[in-house]
Amino acid sequence: MLGDQLGSEEGRTTVRRVVAADHGLPPTVETSFEADGQLLGVPVHDIGTYSGRLRADGTLAGVGQGVLMSPSGAHATWSGQGVGRFTDSGGTSWRGSLVYDSSSPEFAGLRGVAGLFEWEVEADGSAHGKLWAWR
């Protein structure tokens, strides 16, 4: 069941690169970003990288991973996957799931929870997203 909103972030693409694929698959676009926001009410700085590959139907398949930190030193890692699409304005729109790992007490509420996200990336590289609990 979709639960409460866990957090939100706003950030910016820091690097993009195209990575050749093997076995006749389309190349992958690897995107790194940094974002600031809040997770479980805790201010966080998130650093992540995800790779998206164009599928035959025109959608994007993506996987990613990252690290987030609070000003007090609490930290968590995340990994996820999602599906995306190109927007009319030249950006991308993603939907997917994240799983977190953390021993920090501030992020104990992430244990046993899958996070469902919406992530919007504009053509200029600015981005914003929201995360909900799926319990």
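Trainee: Where does Met-69 sit?
Mentor: Met-69 is in strand β4. Strands here are DSSP runs of E with at least two residues, helices are runs of H or I with at least four residues, and both are numbered from the N terminus. Keep in mind that this is a predicted model: local features need pLDDT of at least 70, side-chain atom pairs count only at pLDDT 80 or more, and totals for chains, interfaces and linings use all residues. Residues are numbered from 1 along each chain as its sequence is written, and side-chain values use heavy atoms, with hydrogens and water left out.

Trainee: Is Met-69 buried, exposed or partly exposed?
Mentor: Met-69 counts as partly exposed, at 33% relative accessibility. The cut-offs are under 20% relative accessible area for buried and over 50% for exposed, with partly exposed in between (1.4 Å probe, protein chains only).

Trainee: Which residues make up a nonpolar patch on the surface?
Mentor: Ile-47, Val-67 and Met-69 do, with about 210 Å² of accessible area together. Areas come from the Shrake-Rupley method with a 1.4 Å probe, and for residues only the protein chains shown count as cover. Patch members need over 30% relative accessible area and no salt bridge; nonpolar side chains (Val, Leu, Ile, Met, Phe, Trp, Tyr) are joined within 5 Å, like charges within 9 Å.

Trainee: And Ser-70, where's that?
Mentor: Ser-70 is in the loop between β4 (60–69) and β5 (75–86). Ser-70 is buried, with a relative accessible area of 7%.

Trainee: What does Ser-70 touch?
Mentor: Val-42 and Pro-43, leaving aside residues up to four places away in sequence. A contact means heavy atoms within 4.5 Å.

Trainee: Switching to charges. How many salt bridges does the structure hold?
Mentor: Three. The rule is a side-chain nitrogen of Lys or Arg within 4 Å of a carboxyl oxygen of Asp or Glu. One of them joins the side chains of Arg-17 and Glu-30, at 2.8 Å from N to O. That pair links distant parts of the chain, with Arg-17 in strand β1 (residues 2–19) and Glu-30 in strand β2 (residues 28–39), 13 residues apart.

Trainee: What's the relative accessible area of Arg-17? And of Glu-30?
Mentor: Arg-17 has 47% and is partly exposed. Glu-30 has 23%, and is also partly exposed.

Trainee: Why does Glu-120 count as buried?
Mentor: Because its relative accessibility is 18%, and buried means under 20%.

Trainee: Now the rings. How many aromatic pairs are there?
Mentor: Four. Rings of Phe, Tyr and Trp (its six-membered ring) pair if their centres lie within 6.5 Å; planes under 30 degrees apart are stacked, over 60 edge-to-face, and the rest tilted. Phe-33 and Trp-119 form a tilted pair, 5.3 Å centre to centre with 50° between the planes. Phe-33 is in strand β2 and Trp-119 in strand β7, 86 residues apart. Phe-33 is buried at 6% relative accessible area, and Trp-119 is buried at 11%.
Mentor: Then there's Tyr-50 with Trp-94, edge-to-face at 5.6 Å centre to centre and 70° between the planes. Tyr-50 is in strand β3 (residues 42–54) and Trp-94 in strand β6, 44 residues apart.

Trainee: Which residues do the ring pairs link into a cluster?
Mentor: Phe-33, Tyr-50, Trp-78, Trp-94 and Trp-119.

Trainee: Zooming out, how many helices and strands?
Mentor: Zero helices and eight strands. Of the 135 residues, 39% count as buried.
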